[in-house]
Amino acid sequence: MLPLGTPAPDFELPDSSGKIYRLEDFAGSRALVVMFLCNHCPYVRHIRSALAQMTAQLQDRGVAVVGINSNAAAHPDDTVEQMPEEIDAAGYTFPYLVDAEQTAARAFHAACTPDLFVFDAERRLAYRGQMDDSRPGSSRPVTGEDLRTAVEAVLNGHPVPEPQKPSVGCNIKWLPGNEPNSA
């Protein structure tokens with residue numbers, strides 16, 4: 001896992017229309033939420049409606065939010081061509097970027113979808129982990145409690161409470177040679 005306090009890795013990634021986004025495009029906000037998502041994962045599909053609603057509320061409060069799809073070149077249900085459909089179906093209001101070379105996933109040490117990261121105003125990692133304790137097939141409602149608590153702490157200048165629970169979901173579909181332990 002990316003250690004707490006680590007500066008946000010720089011990135012330069014397109015959205016599905018080809019518009020390029022960089023880390024610097026999200027400067028000026030008191031917090032930055034970076035999420036590794038994809039279209040097919042049942043864990044993402046389980047939270048996506050609540051995630052879309054919560055991130056829209058965070059954006060209204062001046063929090064920068066970005067989603068990254070690192071499976072676009074590696075899974076047939078996650079292609080660039082399918083991303084606009086997913087944005088509409090989920091109700092995402094944040095940029096949803098294509099990490100075709102998986103450089104962002106490696107730089108962030110992302111392991112699965114969804115994998116969530118919260119950076120403070122100085123773009124230091126304050127949280128990495130799950131949205132909440134809900135899982136597909138569980139009786140627990142999707143509340144976003146862990147992510148919301150982390151963002152609120154950052155916005156109020158406080159450390160994010162421990163423990164930070166790692167994300168649970170579908171493994172990122174690594175292209176040959178891109179696996180985290182490869183050179």
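I take buried as under 20% relative accessible area, exposed as over 50%, and partly exposed as in between. The model I am reading is predicted.

**Entry 1, E152 and its partner.** I looked up E152 and found a relative accessibility of 25%, so E152 counts as partly exposed. I then asked which residue forms a salt bridge with E152. The partner is R61, with the closest N and O atoms 2.3 Å apart. I placed R61 in the loop between α1 (42–60) and β4 (64–69), and E152 in helix α4 (residues 145–155). The pair therefore links distant parts of the chain, 91 residues apart. For R61 I noted 45% relative accessibility, which means it is partly exposed too.

I next checked the charged side chains around D133. D133 forms a salt bridge with R140, where the closest N and O atoms are 3.3 Å apart. At 47% relative accessible area, R140 is partly exposed. D133 has 29% relative accessibility and so is put in the partly exposed class. The side chain of D133 also meets that of K165 in a salt bridge, at 3.1 Å from N to O. I traced where this second pair sits: K165 is in the loop between α4 and β9 (170–171), and D133 is in the loop between β8 (125–129) and α4. The two residues are 32 apart, and I logged the pair as a link between distant parts of the chain. K165 comes out at 35%, so I wrote it down as partly exposed.

How many salt bridges does the count come to? I recorded six. I also noted a network of salt bridges that links R45, R48 and E86.

I moved to the rings and found nine aromatic pairs in the structure. One of them is Y92 with Y96, whose ring centres are 5.8 Å apart. Their planes stand at 75 degrees, so I recorded the pair as edge-to-face. Y92 is buried at 6% relative accessibility, and Y96 is buried at 1%.

F108 lies in helix α3 (residues 103–108) and F119 in strand β7 (residues 115–120), so the pair ties together parts eleven residues apart in sequence. I checked accessibility and found F108 buried, as is F119.

Which residues form one aromatic cluster with F108 and F119? I listed F11, Y21, F26, F36 and F117 alongside them.

Key
Residues numbered from 1 in each chain as written. Predicted model: local features only at pLDDT ≥ 70, side-chain atom pairs only at ≥ 80, totals over all residues. Heavy atoms only, no water. Salt bridge = Lys/Arg side-chain N within 4 Å of Asp/Glu carboxyl O. Helix = DSSP H or I, 4+ residues; strand = E, 2+ residues; numbered from the N terminus. Buried < 20%, exposed > 50% of the residue type's maximum accessible area, 1.4 Å probe, protein only. Phe/Tyr/Trp six-rings, centres within 6.5 Å; stacked < 30°, edge-to-face > 60°.
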